[in-house]
Amino acid sequence: MNSDGIFVDILFQLGPLQISNTIVTTWGIMAVTGLLSWLITRALQLQPGAIQTAAEGIVTAIEEAIHEAAPEHARQLLPFIGTLWLFLIIANLCGLIPGIHSPTRDISATSALAILVFLSVHWFGIRTQGVKAYLRHYLSPSPILLPFHIISEITRTIALAVRLFGNIMSLEMTALLILLVAGLLAPIPILMLHIIEALVQAYIFGMLALIYVAGGIQSQQITQQKQREKNRE
Amino acid sequence: MELNWSTFILEIINFLILLWILKHFFYKPILNIIARRQAGIEKNLADAKSLHITAEALQSQYNNRLVIWEQEKQSAHLALNEEVEVARIQQMAALQTSLEKEREKRLIIEQHQQETERLQIERSALTQGAQFATQLLSATASPELERDLCHLLLKELETLPPEQLSTLQAASNKTVDKIKITSAHPLDDSMRQALEQSLSALLITPGSFHYTQDSALLAGLRINIGAWVLHTNLQDELKGFVDITHGA
């Protein structure tokens, strides 16, 4: 938690791209996550050990959570939602390590994730229902509501990005300010709050993303189901 | 707090790469191993179910076989009981027959024994009677009795049946040259004369008369005419009595 690191720093330039400490930290997270995944899954057994049991527990818990929201598409949504949760938990908790900052305290990173969620909603919706059927839900129950639908899509995406950014950035800033004012051990309660807040924000972000994606997938299913019931009658 | 497009774009790319990494190196292997384990569990469950069904079928078959065995056992038991009953009836009938035969045999033996005893008693009684009569007659034998017996003989000779008479005459005609008259007591002349007259009248060719005395006769006469012997004495009567007893 360097005072100079509370804001995003450009470490180096890679052609036209500016490589910030957020990107470097993300790469580190990717490397560690990928390496751990490979180590855990390289010798899976039918009779699992402790680590394998924990890994299976994580995957099963994520799948069950997705299954609650989108029962028919749990396996399809698992990689995206699971990756979001795992990445956000690790990224949020990164701020506890001295010298490293959470990538999610950067609005660019949270915006990128929010945009990915925004695009995923449409991607999974169109894949499940087709373009026409998916786009039709913007006109229901009345075409008049189309602007409101569009505003809703934009605002919830912005809210998603800003909520995560605001919470994580404020936690780090609070800890930094307390450290500057009160001394070395004073920010410890704030760090404990950081852990809770990191987990809660990761859960909220992932759950909202799941709800949005599930809503996009099932947007026309209820209407179609009602239509089918009407036809039967 | 400003949006850095490089960070924004790279973060999107990073996340997609991370998604791919986790999908291929984390979710997929773990889901596969869970699926394999699930398949194994389901296979074990199916095997267990199949085994359970087989076990139930075997148990049902075993129960049916037990029922059949029980029925066979009961029928065999009934058949055995019937056979035993038939054999018992046959054995009882055979035993009854055997007992009947034995009873009859014993009855015959008893009857035979009774008859033998009766005869023995009778013989003993006759012997005792004969002994008693002998003792009695020995005590009571006298010349008077002999004389009465002689008179009785003479009377009988007069009334002799024709068949006996012809037999007597035939016997005397063949070999008789003398007629032997034995008495227990000495005979007086009148008696001798009466005897000679009576016998001479009966016989065709009367021989000479010889008189002897034998006290063993007790009382009475014994007349020998060739092979023919005429007994009119107590000894011969008693002897005849005893012979009858022995003959019985």
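1. Let's start with a pair of helices in chain A. Helix H3 (residues 74–93) and helix H4 (residues 107–129) have axes that come within 11 Å and cross at roughly 170 degrees. An angle over 145 degrees counts as roughly antiparallel, and H3(A) and H4(A) are therefore roughly antiparallel to each other. Keep in mind as you look around that this is a predicted model.

2. Who touches whom here? On the H3(A) side you'll find A:Gln76, A:Leu77, A:Phe80, A:Leu84, A:Phe87 and A:Leu88, and they meet A:Leu113, A:Leu116, A:Val117, A:Ser120, A:Phe124 and A:Arg127 of H4(A). Sorted by class, this contact has 9 nonpolar, 2 polar and 1 charged residues.

3. Side chains of opposite charge can pair when their charged atoms come close. In this case the side chains of A:Arg75 and A:Glu63 meet, at 2.9 Å from N to O. The pair links distant parts of the chain: A:Arg75 sits in helix H3 of chain A and A:Glu63 in helix H2 (residues 50–69) of chain A, 12 residues apart. Over all chains, the count comes to 11 salt bridges.

4. Now try another helix pair in chain A. Helix H6 (residues 146–182) and helix H7 (residues 188–218) pack at an angle of about 175 degrees, and their axes are 11 Å apart. That makes H6(A) roughly antiparallel to H7(A). Among the residues making the contact are A:Leu160, A:Leu164 and A:Ile168 of H6(A), along with A:Leu193, A:Phe205 and A:Tyr212 of H7(A). How many residues of each class does the contact of H6(A) with H7(A) hold? It divides into 13 nonpolar, 4 polar and 4 charged.

5. Next, have a look at where the two chains meet. In chain B, 29 residues are in contact with 45 residues of chain A. The size of an interface is often given as the accessible area lost when the parts come together. Chain B and chain A bury about 3,500 Å² between them, with 77% of it on carbon and sulfur atoms. Which residues of chain B lose the most area to chain A? They are B:Glu11, B:Phe15 and B:Tyr27, together 19% of what that side buries.

6. Across the interface, 11 residue pairs are in polar contact. By class, the side of chain B that touches chain A has 20 nonpolar, 4 polar and 5 charged residues.

Key. Residues are numbered from 1 along each chain as its sequence is written. Chains are lettered from A and ligands numbered from 1 in the order in which they are written. This is a predicted model: local features need pLDDT of at least 70, side-chain atom pairs count only at pLDDT 80 or more; totals for chains, interfaces and linings use all residues. Side-chain values use heavy atoms; hydrogens and water are left out. Contact means heavy atoms within 4.5 Å. Buried area is the accessible area (1.4 Å probe) that two parts lose on being put together, summed over both. A polar contact is a pair of N or O atoms within 3.5 Å; within protein, one must be able to donate a hydrogen and the other to accept it, and residues adjacent in sequence count only if both atoms are side-chain atoms. Ala, Val, Leu, Ile, Met, Phe, Trp, Tyr, Cys and Pro count as nonpolar, Asp, Glu, Lys and Arg as charged, and the others, Gly among them, as polar. Axes are lines fitted to C-alpha atoms, for helices over the stretch in contact, and angles run from 0 to 180 degrees between N-to-C directions. Helices (H or I, at least four residues) and strands (E, at least two) are DSSP runs, numbered from the N terminus. Angles under 35 degrees count as roughly parallel, over 145 as roughly antiparallel, 65 to 115 as roughly perpendicular and the rest as oblique. A salt bridge is a side-chain nitrogen of Lys or Arg within 4 Å of a carboxyl oxygen of Asp or Glu.
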